[in-house]
Amino acid sequence: MTDMTVAKTIHAQLGGARFNMMTGAKDFVGGENKLQFKIPRTRQITHVLITLDANDTYTMEFKRWMPKTMDFYPMATHKHVYCDKLQEIFTMETGLFTKL
């Protein structure tokens, strides 16, 4: 069984249920050290993957799903992101606000 502690922590740092409501994020998939979710199509970004790195920072990957090729196209990647910058970078890349 996969430990979802990190995925739940990432979700909480993004804003938890308030984040879901403000952004329309859905289809969350968690892993041992990551969280992936789908957002409404904005600026061509459809999916976000956030991974906890060994140095206790995050890598944020913003992707676009390409139905014709059945693959993801990378739109932007941010490495060495501290937890207090997750919401700021999410808003900068997607245009979606995480809080009022």
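**Salt bridges**

The predicted structure contains 2 salt bridges. In one of them, the side chains of Lys-63 and Glu-61 meet, with an N to O distance of 3.9 Å. The other joins Lys-85 to Glu-88, whose closest N and O atoms lie 3.3 Å apart.

| Residue | Relative accessible area | Class |
|---|---|---|
| Lys-63 | 16% | buried |
| Glu-61 | 22% | partly exposed |
| Lys-85 | 36% | partly exposed |
| Glu-88 | 49% | partly exposed |

Lys-63 counts as buried because its relative accessibility of 16% falls under the 20% cut-off. Its partner in the salt bridge is Glu-61, and Glu-61 is partly exposed at 22%. In the other pair, Lys-85 is partly exposed, with a relative accessible area of 36%, and Glu-88 is also partly exposed, at 49%.

**Helix H1**

Helix H1 spans residues 5–14. Its buried residues are Val-6, Ala-7, Ile-10, His-11 and Leu-14. Viewed down the helix axis, these buried residues fall within an arc of 140°, and they therefore line one face of H1. Lys-8 and Ala-12, by contrast, are exposed on the other side of the helix. After H1 comes Gly-15, which has a positive phi, near 130°.

Methods
Residues are numbered from 1 along each chain as its sequence is written. This is a predicted model: local features need pLDDT of at least 70, side-chain atom pairs count only at pLDDT 80 or more; totals for chains, interfaces and linings use all residues. Side-chain values use heavy atoms; hydrogens and water are left out. A salt bridge is a side-chain nitrogen of Lys or Arg within 4 Å of a carboxyl oxygen of Asp or Glu. Buried means under 20% relative accessible area, exposed over 50%, partly exposed in between (1.4 Å probe, protein chains only). Helices (H or I, at least four residues) and strands (E, at least two) are DSSP runs, numbered from the N terminus. The arc is that of the directions from the helix axis to the C-beta atoms.
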